[in-house]
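Hi everyone, thanks for making time.

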Amino acid sequence: MGSKNDNPGKFFTPMAGKISTFKLVHVSGKVGCSLHHTSKWGCWISNLLFTFITDDQNRVVFPENYNGKTFYTLPGFTASSPELLFTFSIPLEVTAGQEYRVWYSEDLFSSQEDDNYTGATCMRVIVIYSI
């Protein structure tokens with residue numbers, strides 16, 4: 001996931017079913033809202049996250065309660081957390097091979113991305129299905 005220039009990370013669901021959680025595990029790199037304000041999942045304000053998940057049409061899937069802002073909070077996690085857990089209140093029904101994208105929000109919404117850090121966060125996405 002990059003910070004600018006339409007550079008999301010992409011992943012595909014391994015099988016059909018109902019997803020309860022997407023687990024994002026940081027592997028390397030960083031993103032940010034400027035050259036001097038970087039982190040694993042956001043800008044520089046530690047409790048604000050700028051990491052969004054969309055479907056293949058760039059419709060926001062997580063955070064579920066998306067309110068039009070480019071950031072949100074997730075209890076128990078910060079922009080420097082080693083991993084993020086995106087748990088759905090109602091499991092997300094998917095088909096096998098369905099594409100999802102992980103975005104830095106300012107890139108997704110083309111909002112103030114001109115001065116963003118040019119790096120990228122590499123992550124492993126673990127899809128957890130409901131039983």
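Let's begin with a pair of side chains: Ser34 and His37 are joined by a polar contact of 2.9 Å. By polar contact I mean a pair of N or O atoms within 3.5 Å, where within protein one must be able to donate a hydrogen and the other to accept it, and residues adjacent in sequence count only if both atoms are side-chain atoms.

A quick word on the basis: this is a predicted model, where local features need pLDDT of at least 70 and side-chain atom pairs count only at pLDDT 80 or more, while totals for chains, interfaces and linings use all residues. Residues are numbered from 1 along each chain as its sequence is written, and side-chain values use heavy atoms, with hydrogens and water left out.

Back to Ser34, which sits in strand 3, residues 31–34; strands here are DSSP runs (E, at least two residues), numbered from the N terminus. Ser34 counts as buried because its relative accessibility is 14%, and buried means under 20% relative accessible area with a 1.4 Å probe, protein chains only. Beyond its neighbours within four places in sequence, Ser34 is in contact (heavy atoms within 4.5 Å) with Asp115, Asn116 and Tyr117.

Four strands make an open, antiparallel sheet in the order 1-8-5-6, and two strands pair if DSSP finds at least two bridges between them. At the edges are strand 1 (9–12) and strand 6 (60–62), each pairing on one side only.

So what does strand 1 pair with? Strand 8, residues 99–104, in the antiparallel sense over four bridges. Gly9, for one, has Val102 as its bridge partner there.

Definitions and conventions. Buried means under 20% relative accessible area, exposed over 50%, partly exposed in between (1.4 Å probe, protein chains only).
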